Amino acid sequence: MRLYHSPLSSNARRAVMTAVHLNQPVELVSIDLSSTEQRKQLLAVNPNEKIPVLVDGDFILWESCAIMQYLAEKTPGQTIYPTDLHARADVNRWLFWTAQHFSPAIEILNWENWIKAMIGAGAPDAAAIRHGEEQLAIFASTLDAHLAGREWVVGSGLTLADFAIAAPLMSTVMAKLPVRQYRNLQAWFERVQALDAWQKTAP
């Protein structure tokens, strides 16, 4: 299997973390998104021209959470994507939540406070930053309240939900994410950061 990724992409990182945790034999193909030629290579496997993309023989799969689920399903005896109906639905709920709400809020601040300067795309937009901070406050508060008295997001053990939600927090410092005040979130994030899968996928 080949997994197209970029070390700076949190979407890609959640997929890579899953592969590392599951000890799946995945060949990592790093894509420089600033390179026209490499973007053409990416377009050949994903019409959306986005990462990550998993190529398993003649099967091509894009969308990070779908890739995470696929890798788990290919791993006999895995425990991070439970088979119990309710537990799996709960994991799926948080995968959709982070894709629809948490990650997009973070991406606004990621773009305005970090990426723009890195690629020379102009000054930060104060209105966009305010909007991003307002959105992040809503969803970080939701997560913080949910994590009260919990070690992991779902059930009593590590799941795909933890990888998916933690990955965008990799830009906490660079994107100036206002999340330090959420004690439960921070305690949980420290536990994720201590995992081999996190440490082995650091940019």
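**A close look at the sheet and its helices**

Modeller: Glutamate 73 touches Tyr81 and Arg88, leaving aside residues up to four places away in sequence; contact here means heavy atoms within 4.5 Å. This is a predicted model, in which local features need pLDDT of at least 70 and side-chain atom pairs count only at pLDDT 80 or more, while totals for chains, interfaces and linings use all residues. Residues are numbered from 1 along each chain as its sequence is written, and side-chain values use heavy atoms, with hydrogens and water left out.

Glutamate 73 belongs to helix α3, which covers residues 64–73. Helices (H or I, at least four residues) and strands (E, at least two) are DSSP runs, numbered from the N terminus. Helix α3 packs against α1 at an angle of about 5 degrees, and the two axes are 8 Å apart. The axes are lines fitted to C-alpha atoms, for helices over the stretch in contact, and angles run from 0 to 180 degrees between N-to-C directions. The two helices, α1 and α3, are therefore roughly parallel to each other, on a scale where angles under 35 degrees count as roughly parallel, over 145 as roughly antiparallel, 65 to 115 as roughly perpendicular and the rest as oblique. From α1 the contact takes Asn11, Arg14, Ala15, Thr18, Ala19 and Leu22, and from α3 it takes Ser64, Cys65, Ile67, Met68, Leu71 and Ala72. These contact residues divide into 8 nonpolar, 3 polar and 1 charged; Ala, Val, Leu, Ile, Met, Phe, Trp, Tyr, Cys and Pro count as nonpolar, Asp, Glu, Lys and Arg as charged, and the others, Gly among them, as polar.

Next comes the sheet. It is an open sheet of 4 strands in the order β2-β1-β3-β4, and its pairing is mixed; two strands pair if DSSP finds at least two bridges between them. The edge strands are β2 and β4 (59–62), each of which pairs on one side only, and the twist averages 20 degrees from one strand to the next. Helix α3 packs on this sheet, where it touches β1, β3 and β4, and its direction makes about 130 degrees with that of β4.

Taking the pairs in turn, β1 (residues 2–5) and β2 (residues 27–30) are joined in the parallel sense over 4 bridges. Tyrosine 4 stands opposite valine 29 in β2, and histidine 5 has serine 30 of β2 as its bridge partner. Together with helix α1 (residues 10–22), β1 and β2 make a right-handed β-α-β unit; a crossover is right-handed if, with the strands pointing away from the viewer, the path from the first strand over the helix to the second runs clockwise. The loop between α1 and β2 contains asparagine 23, a residue with a positive phi of about 55 degrees although it is not a glycine.

On β1 there is also antiparallel pairing, with β3 (residues 53–56), over 3 bridges, and in it leucine 3 has leucine 54 of β3 as its bridge partner. Strand β3 in turn runs antiparallel to β4, joined by 4 bridges, with valine 53 standing opposite tryptophan 62 in β4. In the loop between α2 and β3 lies proline 52, and the peptide bond from isoleucine 51 to proline 52 is cis, with omega near 5 degrees.

The whole structure holds 6 salt bridges.

How values were computed
Salt bridge = Lys/Arg side-chain N within 4 Å of Asp/Glu carboxyl O.
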